[in-house]
Amino acid sequence: MSAKVKTMDRKGASLQERLYLIEIFKGMATTFGHFFRNLLDNRKLYVRHYPEVQPEIPAGWRGRHRLTSHADGTVKCVACFMCQTNCPANCIMIKAGERQDGKTEKMPVKFTIDLLECIYCGYCVEACPLDAIRMDTGIFSVTGNNRESFILELPELLASPGAYSEEEYKKGGA
Amino acid sequence: MSPLDIFMLVARVAFAAFIPLCFIAVCVWMERRGAGYFQDRSGPNRANIFGFRAAGLVQNLADAAKLFFKEDVISDHIKHKFYFVLAPVIVFFTALVSFAVVPFADTLVLGGKSYIMQGIPLDLGILWFLSFVGFSVYGIILAGWSSTNKFGVLGALRSAAQVISYEIPMGLAIVSLLVVYGTVNLNEIAQFQGKLLFGFIPMWGAVLQPLGMVIFIIAAFAETNRTPFDLAEGESELVAGFHVEYSAMKFAIFFMGEYVAMFASSAMIVTLFFGGYQVPFLSTATLISQAKPLAFLLMIILPVVMHFFAGWIRRSNVSHYPRENDPRVFEATVYIKCFWGLVIILEVLLLAILFSASGGPTAHIFVVLLQVCTFLFKITMMIFVYIWVRWTLPRFRYDQLQKLGWQMLLPLALLNIFITSAFVVALS
């Protein structure tokens, strides 16, 4: 079977196009149409008035991380190091310790995510066997005044709530 | 010299020196907001002083403040620091001086004395302009060379080659114009364009020399290094071309020089092809004799225009999202009140003309101011065309640029000279 060959017409050979000026004026008419429309009514600009109007973030969107917890408020993470091992950017640092509340044997004593290293690939979420780490906070803009503020520790990761309901999150994939 | 003579001298020199500088702000504002609107986005509209954004003009102040306080870096690898600093000065100075010969109103006659409305009263108007526009590229070449940077040198070389190619069609287009006008004095050229062809078409260069106009405008775009001929800068190929090593105020001088050059060449295009300071269909003599009806007409038109303008401000200057006690509505109200105040002042001045002696000095001054406004309006329109073209056309490739210059514009310009000369000889 021979490869499918599609011949494209090359434009620009006719006299009208070779004169160039006529085509330039056509292009200028198009751009002026846009200018004039926007000048008369600036509601028609294709612009989101950003800080005031926030974009809608779908549930499947990979935002800033959080650690989930059981219904009684204890951390789900068992410090299995799956996410840390999977992380291509080496931004997760876990320090495991013994768990005293009897739910499991291990728990993280320290769980640090360096957001300046993170590439938001979502591999940690996929690797987690216990659904303990999620990227469903809906936070897409992380800002700070110094580098230290970008290093998230366990309490912050546990404190941030998810932005979506359980059904929405399941439907959205992730 | 009487005090009036000295005042007129200072006034015309100040006009020629400061109006281009004032227009830098207007040009940058038009460029950025215009670019936004051409591309369906809004452009800079957030910078404000106490909530007053002046349609984005405040952004210019912010930019200027930033450029003033930035560190002025001269890198150690630059051997010729004097030339490095001199280059932006040349670009800016030549652009500013090239505007000085453009007449911005007809000769003012006050008390039997006539005052020329030109920064430098020079008979060789066009030649002065040509020489200084040609000289401005020296600044660019010097900048590129003294930067000791391959991108800078490439940009400078491109600019040099481009100017050689486009000076010739530009000069030839002017030759055919001079055949028509029969003078190099810009004031006489503008006066010539005040006449009417067949009694109803203004005898503008654009009507008499359409081909010359196209060639001149294309060459003028190339001379000012604007898109589609901004190969010297070519940010996607040469980073920033000739000004790649420049920072802070030295860069700002280049930037402002570009806009002053744009203003000066717009002024030249307007003077040569669009009637200069002439109000269409109304020559200076008619304007002076009909000053009172004209003032009356303006008194009626101004409030009507202002009414629609106020409506436009009210519609445009609001937040386009739900917002309690929208501060932009208050802002719009203040703008509208300011503009109405301006209109009232103008109305009072026009009323004074209505009650003054007809054909007297007030009528003469009124006509000069009217012509200055017409001239600045035409220049603004031409600057808009520059911006419009910039945001429509992509950049030429280097070989395409040379081909256009030598194989299209040069023969066309020569042909134009032949046709024009034949016409002039046949008609005279």
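Predicted model: local features only at pLDDT ≥ 70, side-chain atom pairs only at ≥ 80, totals over all residues.
**Figure 1. Packing of helix H4 of chain B against helix H5 of chain B.** Helix H4 of chain B covers residues 125-146, and helix H5 of chain B covers residues 150-181. Because angles over 145 degrees count as roughly antiparallel, H4(B) is roughly antiparallel to H5(B).

**Figure 2. Residues at the contact of H4(B) with H5(B).** From H4(B), the contact includes B:Ile126, B:Leu130, B:Gly134, B:Val137, B:Ile140, B:Ile141, B:Ala143, B:Gly144 and B:Trp145. Facing them in H5(B) are B:Gly152, B:Val153, B:Gly155, B:Ala156, B:Ser159, B:Ala160, B:Val163, B:Glu167, B:Gly171 and B:Ile174. Taken together, the residues of this contact are twelve nonpolar, six polar and one charged. B:Glu167 in H5(B) is among the residues that meet H4(B).

**Figure 3. Fold and dimensions of chain B.** Chain B contains 15 helices and four strands. Its radius of gyration is 23 Å, close to the 22 Å that the globule rule gives for 428 residues, so chain B is as compact as a globular protein of that length. The C-alpha trace of chain B extends over about 75 × 70 × 45 Å along its principal axes. Of the 428 residues in chain B, 40% are buried. When contacts in chain B between residues at least 6 apart in sequence are considered, 77% join residues at least 24 apart.

**Figure 4. Fold and dimensions of chain A.** Six helices and five strands form the secondary structure of chain A. Read from the N terminus, these elements follow the order α-α-β-α-β-β-α-β-β-α-α. The radius of gyration of chain A is 26 Å, well over the 16 Å that the globule rule gives for 174 residues, so chain A is more spread out than a compact globule. Along the principal axes, a box of roughly 85 × 55 × 35 Å is filled by the C-alpha atoms of chain A. Buried residues account for 17% of the 174 residues in chain A. For contacts in chain A between residues at least 6 apart in sequence, 69% link residues at least 24 apart.

Definitions and conventions
Residues numbered from 1 in each chain as written. Chains lettered and ligands numbered in written order. Axes fitted to C-alpha atoms, helices over the stretch in contact; angles between N-to-C directions. Helix = DSSP H or I, 4+ residues; strand = E, 2+ residues; numbered from the N terminus. Parallel < 35°, antiparallel > 145°, perpendicular 65-115°, else oblique. Contact = placed C-beta atoms within 7 Å. Nonpolar A, V, L, I, M, F, W, Y, C, P; charged D, E, K, R; others polar. Rg over C-alpha atoms; globule rule 2.2 N^0.38 Å. Buried ≥ 20, exposed ≤ 12 C-beta atoms within 10 Å, placed from the backbone.
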